[in-house]
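Biologist: I would like to learn how to read a structural model, feature by feature. Please give the general idea each time, and then the case at hand.

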Amino acid sequence: MTDTSETRPADGEAPAERPGLVRRLMRYLPLVAPVLLWAVPSWVLLYGGQEWPVPVTVTGTVLGVLGLTGMPLAMMRGHGRRQQDRAAVVGDTLLGSVWVLFTWSVLLGVLLRLVLVVAGVGDGQDRARITAWAILGVSAVLLVWGYTEARRVPRVRTLDVELPRLGAGLDGTRVALITDTHYGPLDRARWSARVCDTVNTLEADLVCHTGDIADGTAERRRAQAAPLGTVRAVHARVYVTGNHEYYSQAQGWVDLMDELGWEPLRNRHVLLERGGDTLVVAGVDDVTAESSGLAGHGARLEDALQGADPGLPVLLLAHQPKFVDRAAAGGVDLQLSGHTHGGQIWPFHHLVRLDQPALAGLSRHGTRTLLYTSRGTGFWGPPFRVFAPSEITLLVLRSPGRDADTAQADTAS
C-alpha cells in the first residue's frame, strides 16, 4: 500500500513522483466525454463541408446542444437520489443513441470519405453529404436492430465443458446460467416471466444467477424480479451478488432472492451429489462488496471453500471475470461470471477489455481453471445491444472418463 501522507524527502532522495498525466486527465473524463460524444457527430454531420441550408444547420445544432445538456440532466434525475424512471429512460436512450452516432461518425467520416475520394465520386460537398446520410442511415438501422435485440428473450447457448476432476456420476450435469438481468426503469415483468419459462424448458440440475439482478432496490423492482421464483431446478437454484446490488441496498436483494427460493451463496458452498459423485458449488460476493461498507459483505474465497474436500471439483459463481485470478490460485475448476455484457454496444468491448480478463465465452486461466463469461441475459442502461447478443446459457459438464459411444450419441442427438 502506498503512503499518501505528505512528507518532506530526506537529503539525497528524489522527490515523490506527481500523478501521471493519464491519471490526471481521467478525473475530467465525466466532463469531457459527453462533450465529445455530441460534438463529434454534430461537426461531422453539419460542418464537414456539406453546406446544408441554414435552417438545417441551425436545427441540427440546436438538437446537438439539447442532447448535450439534456442527457446528463436526465441521467442525474433518473439515476441519482430522485430515481425518476422516466428521466432514466430518456437519459439512457440518449446515451446509447449518441454512442452509436459517435462511433459511426468517426468510422464513416474517415473511411467512407476516403473511398469516395479514391473512387472519384462528386466534389467535396457531394462526398460530405453522402457521408452524412450514410452515418444517419447506418446509425438508425443499428439502433432499431439493437433495441429489438435488447428487448427479446435471449437465445439459449449450449456448451459442453469438460472438467478433468469431474466424477463419472456427474457427467451430463446440466447447469443453466442467467446473469445481469438488470430489471430497471423500463418495466420488463413480462420479459422476466418469459426468460424464466425458457430456463424451465432446459430441465437443469442447477440454475445459477451471477448477479446484477436489477438497477434499483428490491422493493422498487420486486414485480420484475418476482418471476425468478418460478424457476425450477432438479437440485438447487443459487445466486451471488453483482456490483449493481451494492448500489441499491444489496442485503435487500439477498433477502428477496432467499424469499423467492434461491440460495444466496455469500462466501459459502453447497454440495451437488449425482450418480455417487459430488460437485462443490461455491459462491462469493462481488469484489465491490469489500468497499461497500456493508457488514459481513466481501469476496472471500477461503470462506466459500471452508470445509470442502480439496479433492472434489469446484464450480464457483463470481460476478466479475477478474476474480478468476483468485479462483485459479484457489484451485477452482470452473468459474461462472457475467458483468461484461459482451460490450453490449460495439465497440465498447474494447473498453471492457481494459478492466476484465475475458469478454465472453470459455477461457482457460492457469493449469486447471476454466472461466465462462456470459454476455448477460438483460441489458444495462441504454436499451440497445449491438453486435453483443444476450444469452441464457446451458453448460453441460463432462467427465473425461465418459466412453466414446456415449459422447457420439450425445453429439448425434
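Predicted model: local features only at pLDDT ≥ 70, side-chain atom pairs only at ≥ 80, totals over all residues.

Biologist: What share of the residues counts as buried?

Modeller: Buried means under 20% relative accessible area, exposed over 50%, and partly exposed in between, with a 1.4 Å probe and protein chains only. Of the 413 residues in the protein chain, 49% count as buried. Contact means heavy atoms within 4.5 Å. Among contacts between residues at least 6 apart in sequence, 74% join residues at least 24 apart.

Biologist: How do I read a helix, and where does helix 3 bend?

Modeller: The expected span is 1.5 Å times one less than the number of residues. Helix 3 (residues 54-79) has 26 residues and reaches 37 Å between its first and last C-alpha, close to the expected 38 Å. A bend at a residue is the angle between axes fitted to the seven residues ending there and the seven starting there. Helix 3 bends by about 25 degrees at Gly-70, and Pro-72 follows within four residues.

Biologist: Which residues of helix 3 are buried?

Modeller: An α-helix has 3.6 residues a turn, so residues three or four places apart point the same way. In helix 3 the buried residues are Thr-57, Gly-60, Gly-64, Gly-67, Met-71, Ala-74, Met-75 and Gly-78.

Biologist: What do the buried residues of helix 6 pack against?

Modeller: They pack against helix 5 (124-151), strand 1 (155-162), strand 2, strand 3, helix 7 and strand 12. Among the buried residues of helix 6 are Trp-191, Val-195, Cys-196 and Val-199. The end C-alpha atoms of helix 6 are 17 Å apart, which agrees with the 16 Å that its 12 residues should span.

Biologist: Which residues touch the most other members of the largest nonpolar core?

Modeller: A nonpolar core is a set of buried Ala, Val, Leu, Ile, Met, Phe, Trp, Tyr and Cys residues joined through side-chain atoms within 4.5 Å. The largest one has 27 residues, and Val-199, Ile-213, Leu-228, Trp-253 and Trp-262 touch the most other members. Strand 2 (173-178), helix 6, helix 7 (218-225), helix 8 (250-259) and strand 12 each supply at least two residues of this core. Leaving aside neighbours within four places in sequence, the contacts of Trp-262 include Ile-178, Cys-208, Leu-228 and Met-257.

Biologist: How many salt bridges does the structure hold?

Modeller: A salt bridge is a side-chain nitrogen of Lys or Arg within 4 Å of a carboxyl oxygen of Asp or Glu. The structure holds 15. In one of them, Arg-274 meets Asp-205 at 3.8 Å, N to O. That pair links distant parts of the chain, 69 residues apart: Arg-274 is in strand 6 (residues 268-274), and Asp-205 is in the loop between helix 6 (189-200) and strand 3 (206-209). Arg-274 is partly exposed at 24% relative accessible area, whereas Asp-205 is buried at 8%.

Biologist: What is the nearest cysteine sulfur to that of Cys-196?

Modeller: A disulfide is a pair of cysteine sulfur atoms within 2.5 Å. The structure holds zero disulfides. Cys-196 is in none, and the nearest cysteine sulfur, that of Cys-208, is 14 Å away. Cys-196 is buried at 1% relative accessibility, and Cys-208 is buried at 0%.

Biologist: Which peptide bond is cis?

Modeller: The bond from Trp-346 to Pro-347 is cis, with omega near 5 degrees. Pro-347 lies in the loop between strand 9 (334-337) and helix 11 (349-355).

Biologist: Is Gln-249, with its positive phi, buried or exposed?

Modeller: Gln-249 has a phi of about 55 degrees although it is not a glycine, and it counts as exposed at 59% relative accessibility. Asp-180 also has a positive phi, about 50 degrees, but Asp-180 is buried at 0%.

Conventions: Residues numbered from 1 in each chain as written. Heavy atoms only, no water.
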